[in-house]
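Here is a short briefing on one structure. Keep the sequence and the 3D view open as you read.

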Amino acid sequence: MKQPIYLDNNATTPLDPRVLEAMLPYFTEKFGNAASRNHAFGWVAEEGVDYAREQVAKLIGCTEKEIIFTSGATEADNLGIKGVFEMYKEKGNHIITAVTEHKAVLDTCKHLEKNGARVTYLGVKEDGLIDLAELEAAMTEETILVSIMYGNNEIGVIQPVKEIAAIAHKFGALFMTDATQAVGKIPVDVIADGIDLMAFTAHKMYGPKGVGALYVRRKNPRVKVTSQMDGGGHERGMRSGTLNVPGIVGLGKACELCRLEMESEAIRLSGLRDKLESTLSKMEESYVNGNTQHRLPHVANISFKYVEGEGLMMAMSDLAVSSGSACTSASLEPSYVLKSLGLSDDLAHSSIRYGLGRFTTEEEIDQAIAVTEKAVNHLRELSPLWEMFKEGIDLSKIEWAEH
Amino acid sequence: MAYSEKVIDHYNNPRNVGTLNKDSKFVGTGLVGAPECGDVMRLQIEVGADNVITDAKFKTFGCGSAIASSSLATEWLKGKTIDEALTIDNMDIVEELALPPVKIHCSVLAEDAIKSAINDYRVKNGLEAIVLEKSHH
């Protein structure tokens, strides 16, 4: 079977062979437990972890002691939010986040609401960015944490992180960001951005699955989180559990490669993305979703009106992409992120997300354009809505039978 | 999700795509579903002498299973009388296309479209609309 063209790099990225190479010895001869302080096996493993910690710290502009390794961004989000809530209970119980966050943040907040937290879910403007005035108005003396993502996974928009941090700090709250899609793709500097906690993961930046990190600031202010995993006191007591040494080494190497190649890679990817997007948005009744100025270089989210996303993906089986359509999940609800931009359900159902990556070539983008155009045209031939639109019928005036 | 071979076949080679003259009194049109729900089916039948369905056409906005369900429905309708057509059950479609549980609603929609097209034809020709039993939602 011919492999489809992989354009779903926001879901996960392939492992860079250079990362794999760095990891391999830590599965075999360097198998030691990094916590074994009494023999060479432990020291060698610890050295690998220490080096990785430096590589990670260098990418985001922090010190090694501020990195807590986790099993991924979901765990890092849980540790950051729950950990801050428990640690700063005395100060207040109010958390502010946004409706377009990943479920790892939203569901963690929902969980805390059952334990006495008060959570404000900020809406977003139609370009996907939060309204800073609305954030400021929501801040109270009880606010202990503002958690707003860096770059959105579905539409790629980049929130005004620095301004958000400043507002949080003005009210004495901490600022956390889920930077899963941003770290390694665009420059992220925790000092310049004023970030107090930050979650990210290896497998979105050409590293392995199952390893990520939480950055926890140690100076101005010194941030503390209550451990969510108790045991041997690893990671300065904040995350117990034997370290995933090969994974951590892989995360480190992935961070180093991103640091060295990010600048040229961002230019290359945004060029390819713009080619894809400008060509496809020339099609009749196609719409680009989200802010096109402040966004990640590798994501395009486009709605093709009058065709349904899952049906469209089936016609594009040569492409591995994702859709905001309900049918891709069991829930039958279209993407909550697209709906929060004010998109009508039918446009949300008609959306396709293209996520480009390090291994995407221009030839693949040309093919993706051709495949998409053909599929959209084919499905519009089948679509009663397209026919009605072409006849000038106003679809919003029809009384549809809900089912 | 993997699709059954029959779904893929109907999807790649949809039968009877098209439009009949909805103003003709021999044509019944059923338009069901809603854009917000991610699927809309339009199914049309042309009825000849002895209430036999001589032609059927569809257009569907929806996922592969919705397109396949309506394509299959048009195949089954041709040659049946409208009374026979009323006996087509959504579970027959589920079985024929091997639809997974999350796609059963596509077959329900196809059954609704058949009944709605038949009713449109009946009303146009001075017959009473058939009271539709709520199908397996």
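## Annotated sites in chain A

UniProt, in an unreviewed entry, lists A:Ala73, A:Thr74, A:Asn153, A:Gln181, A:Thr201, A:Ala202, A:His203 and A:Thr242 under "binding site". These residues span 170 residues in sequence, and the farthest two C-alpha atoms are 30.0 Å apart, so they do not all gather at one spot. The model shown is predicted.

- A:Thr74 sits in helix 3 of chain A, which covers residues 73-87.
- A:Thr74 has 20 other C-beta atoms within 10 Å. The cut-off for buried is 20 or more, so A:Thr74 counts as buried.
- A:Thr242 is in the loop that links strand 8 to helix 8 (245-280) of chain A.
- A:Thr242 is partly exposed, because it has 13 C-beta neighbours inside 10 Å. A residue with 12 or fewer would be exposed.
- Setting aside neighbours within four places in sequence, A:Thr242 makes contact with A:Asn33 and A:Ala35.

**The modified lysine**

- UniProt, again in an unreviewed entry, marks A:Lys204 with the feature "modified residue: N6-(pyridoxal phosphate)lysine".
- Where is A:Lys204 found? Its place is the loop between strand 7 (197-201) and strand 8 (212-216) of chain A.
- Is A:Lys204 buried or exposed? A:Lys204 counts as buried, because it has 27 C-beta neighbours inside 10 Å.
- Beyond four places in sequence, the contacts of A:Lys204 are A:Thr12, A:Thr13, A:Thr180 and A:Gln181.

**Two domains**

- Chain A is assigned domain 1 (5-9 + 262-393) and domain 2 (17-258). Domain 1 is given as two stretches of sequence.
- The centres of domain 1 and domain 2 of chain A, taken over C-alpha atoms, are 30 Å apart.
- The contact between them takes 21 residues from domain 1 of chain A and 22 residues from domain 2 of chain A.
- On the side of domain 1 that touches domain 2, the elements giving two or more residues are helix 8, strand 10 (299-304) and helix 10 (336-340) of chain A.
- Helix 10 of chain A gives the most to that side, with 3 residues.
- By class, that side of domain 1 of chain A has 8 nonpolar, 10 polar and 3 charged residues.

**The nonpolar core**

- Nonpolar side chains tend to be buried together in soluble globular proteins.
- Here, the largest nonpolar core has 154 residues. Those with the most contacts inside this core are A:Leu174, A:Met198, A:Ala213, A:Tyr215 and A:Leu312.
- Helix 8 of chain A supplies the largest share of this core, 12 residues.
- Which domains of chain A give residues to this core? Domain 1 and domain 2 both do, so the core lies between them.
- A:Leu312 shows how such a residue is surrounded. Beyond four places in sequence, A:Leu312 contacts A:Phe304, A:Val307, A:Ser323, A:Ile352, A:Ala375, A:Val376 and A:Leu379.

**Chain B by itself**

- How many helices and strands does chain B have? The count is 5 helices and 3 strands.
- From the N terminus on, these elements run α-β-β-β-α-α-α-α.
- A compact globule of 137 residues would have a radius of gyration near 14 Å. Chain B has 14 Å, so it agrees with that rule.
- The C-alpha trace of chain B spans about 45 × 30 × 25 Å along its principal axes.
- In chain B, 50% of the 137 residues are buried.
- Among contacts in chain B with a separation of 6 or more, 63% join residues 24 or more positions apart.

**Where the chains meet**

- The contact takes 24 residues from chain B and 25 residues from chain A.
- Strand 1 (27-34), strand 2 (39-47), strand 3 (53-61) and helix 2 (64-77) of chain B each supply at least two residues to the side that touches chain A.
- Strand 1 of chain B gives the most to that side, with 4 residues.
- The residues on that side of chain B divide into 14 nonpolar, 6 polar and 4 charged.
- From chain A, A:Trp400 lies in the segment after helix 13 (384-390).
- A:Trp400 is partly exposed, with 15 other C-beta atoms within 10 Å.
- Beyond four places in sequence, A:Trp400 is in contact with B:Ala34 and B:Pro35.

Key: Residues numbered from 1 in each chain as written. Chains lettered and ligands numbered in written order. Predicted model: local features only at pLDDT ≥ 70, side-chain atom pairs only at ≥ 80, totals over all residues. UniProt positions renumbered as here; feature names shortened; annotations may be inferred. Contact = placed C-beta atoms within 7 Å. Rg over C-alpha atoms; globule rule 2.2 N^0.38 Å. Core = buried A, V, L, I, M, F, W, Y, C linked by C-beta atoms within 7 Å. Domains from an automatic or database assignment. Nonpolar A, V, L, I, M, F, W, Y, C, P; charged D, E, K, R; others polar.
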